[in-house]
Amino acid sequence: MAAALVRPHDNRMIAGVCAGLARRFGTTPTTMRVIFVLSCLLPGPQFLLYLALWILLPSEDKATSATAW
C-alpha cells in the first residue's frame with residue numbers, strides 16, 4: 001500500500017510538498033525537486049499547483065493526530 005499524501009517533517013526544504021510527493025510515489029525528494037524545477041521551465045501552472053498543494057495537503061503531525069481518534 002502506498003504512503004499517505006502528507007507533508008512530512010523530514011526532508012523539507014520549503015513546505016514539504018516535494019518530499020510528500022516523493023514519499024507517495026516511491027522516489028527520492030531530490031528527484032522530485034529536480035522534476036519540479038524542470039517542469040517550471042515549461043509553460044503551465046506548476047507554481048500555482050505547488051502553492052495549492054502547500055495549502056491543501058495536511059502536515060504530517062496534523063494527519064497523525066486526526067487519525068488517532
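Predicted model: local features only at pLDDT ≥ 70, side-chain atom pairs only at ≥ 80, totals over all residues.

Let me begin with a question: is phenylalanine 47 buried or exposed? Phenylalanine 47 counts as exposed, at 53% relative accessibility, where buried means under 20% relative accessible area, exposed over 50% and partly exposed in between, with a 1.4 Å probe and protein chains only.

Residues are numbered from 1 along each chain as its sequence is written, and side-chain values use heavy atoms, with hydrogens and water left out.

The pLDDT, which is the predictor's confidence in each residue from 0 to 100, averages 86 over the chain, and 86% of the residues score at least 70. Confidence is highest in helix H2, residues 29-40, at a mean of 94, and lowest in helix H4, residues 60-67, at 68. The chain has four helices and zero strands; helices (H or I, at least four residues) and strands (E, at least two) are DSSP runs, numbered from the N terminus. Of the 69 residues, 28% count as buried.

Phenylalanine 47 sits in helix H3, residues 46-56, and belongs to a nonpolar surface patch together with Met13, Ile14, Leu48, Leu51, Trp54, Ile55 and Leu56, with about 950 Å² of accessible area in total. Such patches are made of residues with over 30% relative accessible area and no salt bridge, like charges being joined within 9 Å and nonpolar side chains (Val, Leu, Ile, Met, Phe, Trp, Tyr) within 5 Å; the areas come from the Shrake-Rupley method with a 1.4 Å probe, and for residues only the protein chains shown count as cover.

Now to the charged side chains. The structure has two salt bridges, each being a side-chain nitrogen of Lys or Arg within 4 Å of a carboxyl oxygen of Asp or Glu. One joins arginine 23 to aspartate 10 at 3.0 Å, N to O, and this pair links helix H1 with the segment before H1, 13 residues apart. The other joins glutamate 60 to arginine 23 at 2.8 Å, N to O; because glutamate 60 lies in helix H4 and arginine 23 in helix H1, this pair ties together parts that are 37 residues apart in sequence. Arginine 23 is partly exposed at 32%, as is aspartate 10 at 42%, and glutamate 60 is partly exposed at 22%.

What about the cysteines? The model holds zero disulfides, a disulfide being a pair of cysteine sulfur atoms within 2.5 Å. For cysteine 18 the nearest cysteine sulfur, that of cysteine 40, is 8.9 Å away. Cysteine 18 is buried, with a relative accessible area of 8%, whereas cysteine 40 is partly exposed at 38%.

Two local details remain. Serine 39, in helix H2, is buried at 18%, and a polar atom of its side chain lies 2.7 Å from the backbone oxygen of phenylalanine 36. Asparagine 11, in the segment before helix H1, has a positive phi of about 65° although it is not a glycine, and asparagine 11 is partly exposed at 49%.

Note on methods: Polar contact = N/O pair within 3.5 Å; in protein donor to acceptor, adjacent residues only side chain to side chain.
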